[in-house]
Amino acid sequence: MTGPSRGPQERIDALESAFGPLDDLDNPLGGDALLAADAAGTPLPGAEKVLDAYGLNAEFVPAELGGRLRRMDVLGRLLRPLFRRDASLGFGYGLSCFFAAVPVWTAGDAGQRDFAAKLLLGGDRIAVARHEVAHGNDFVRDEFTARPDGTGLLLNGSKTAIANAARARGLVVFARTGDADAGGRSHCVLLLDRAALPADRIRDLERRATTGMRAAEFGGLAFTDCPVPASTVLGRVGDGYELSLRSSLLIRGLIPSIVLAGVDTALRTVATFATRTRADGRSSLDVRHVRSVLTGAFLDLLVIDCLALVATRALHLLPRQMSVYAASAAYLAPRLATETMDEMSAVLGEESFAVSGTYGMFRKQLRDLPVTTLGHAGSAGRQVSILPQLPYFARHSWFLQQEAPVGLFRPQENLPPLDLTRLSLLGDGDPLAATLVACTDWLESADVTRPGRDQWPLLRSLARVFTVELRDLTRAFQAVDPADRAALASPHHFALADRYTLVLAAASCLGVWREQADDGTDPFLADPAWPSAALYRLGRRLGLPLPDRPVDSEQRVLAEALTRLRERRSYDLYGSALA
């Protein structure tokens, strides 16, 4: 169906087209079939055959190993056709394999990387069993242990809630190798070939039922004195915790695309409901609150996509600074998605409880969202990744550093190769915050009397408000001793970290808009209406002093949302054609 010679947009379009229209009642891969499979708790066989024919696993394998993975922003977009339809399919078939492979790409030797690549390119699966500190979807706090035994290790213990546990040949296992007092050196990561393990030392555990992603297979594994060679260790014994954190740098950047895709379908469902004409000739769209909810949902998706763009492209362009952007995107995107889903539920009313038919897909996306967003560490864990970096930024980066490269905000621009050895767990600066300051200065000095710039004064005022908020954060974190972990862990500083992520979201929107305003190829993205409305919405969340509500800007955004509904285009920065 596809191949390495095809470009990113062609591959995305091919995958979207292969599944056909979600709302086509005669489509065997459409919404009704997916809802039936979800109710039965089984994967849709026809959908998996489409992904087999497409060769989806190749998208998770680096190009130098024979796959198609060159750009993380492209991978995020490739996942959207799947997650717009079914999170069980997107996660169970594909993304769980990528999560499992990331530690191998990060720390594996040449032989280990080659083995994992051959498994995936050959159509096999790799499953990952993480320890409870690194992974937030555990049903219980169980784990594996790996103790030295002659020339290798003996693996013991059990683990539940492993995606594709029974279907995977490759296993990536996080196992305890030392006592708790060993601190961060107490775990290792193993890459195992299940076919090479003694069958009587490994046992499949029963499948676990889940409230969301009901068609995904979460099972378990139990090992009893299972011998594994020392050569199966990724990196060195004791590297497990650090490797988990380093792997999260790639994984977190994809979370915004995952949640965006599901909310895209939910918004399309609610917009269809709101625009239907009732017997009296009116529609729900005549109600101001309904229009406000649809507008807000579209704005939230644009903000989430700006975060997705920055988090994934920073892996290539800002490897030493990107960790805080990945954590912020993974923290904020699910929060925005959850809030807007709640608002849309009220618009649907009793139809939000539908389990089949035209509006059944909304309920499914609402049910799947908590599972997809908590899959790799919860929101508190992401804030913990952010907080230690903010006192350093306040002293050495904010209002002092140069802004981010413009390529961070240009999705059509090529990227340098991904170099996982350069990724840093703690950033040495915050150029995205500097972009907020630079955009504010640019708007302050811009000639707003030129034709087409009637909206610029409003955007300038909003940008200035967020720059003042960044100044307040600077003062707050300059007063914190970076070595005082107790102070950083206080509820007050967690709240400040939350505010910081919203400031980064505003900076991302301004960066994307400024580049589009210069380029002008997309009239909607070049229009200051959407960043004005987006920053106003973000500012309300922060409780900032704001100018009057940008009613004209919101009307333009709503008009675009309804146009995309009619033209069957995606609710993101790309407006891609849907099947």
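In which sense do strand 1 and strand 4 pair, and over how many bridges? I found that strand 1 (residues 126–129) pairs with strand 4 in the parallel sense, over 4 bridges. Helices (H or I, at least four residues) and strands (E, at least two) are DSSP runs, numbered from the N terminus. Two strands pair if DSSP finds at least two bridges between them.

Before going on, I noted that this is a predicted model, where local features need pLDDT of at least 70, side-chain atom pairs count only at pLDDT 80 or more, and totals for chains, interfaces and linings use all residues. Residues are numbered from 1 along each chain as its sequence is written, and side-chain values use heavy atoms, with hydrogens and water left out.

**Entry: strand 4**

Strand 5 (residues 187–193) runs antiparallel to strand 4, with 7 bridges, and Val172 stands opposite Leu191.

Buried means under 20% relative accessible area, exposed over 50%, and partly exposed in between (1.4 Å probe, protein chains only). In a regular strand the side chains alternate between the two faces of the sheet. Here Gly170, Val172, Phe174 and Arg176 are buried on one side, and Leu171, Val173 and Ala175 on the other.

**Entry: helix 7**

I tested the length of helix 7 (residues 240–252): its 13 residues should span 18 Å, and its end C-alpha atoms are 18 Å apart, which agrees. The expected span is 1.5 Å times one less than the number of residues. Of the 13 residues, 10 are buried, so helix 7 is largely enclosed by the rest of the structure. Leu250 is one of the buried ones.

**Entry: the cores**

Leu250 turned up again among the contacts (heavy atoms within 4.5 Å) of Phe98, which also include Phe60 and Leu69. What is the size of the largest nonpolar core? I read 171 residues, and Phe98 and Trp530 are among those with the most contacts inside it. Helix 9 (residues 288–317) gives the largest share of this core, 17 residues. A nonpolar core is a set of buried Ala, Val, Leu, Ile, Met, Phe, Trp, Tyr and Cys residues joined through side-chain atoms within 4.5 Å.

Conventions
Lists of a residue's contacts leave out its neighbours within four places in sequence.
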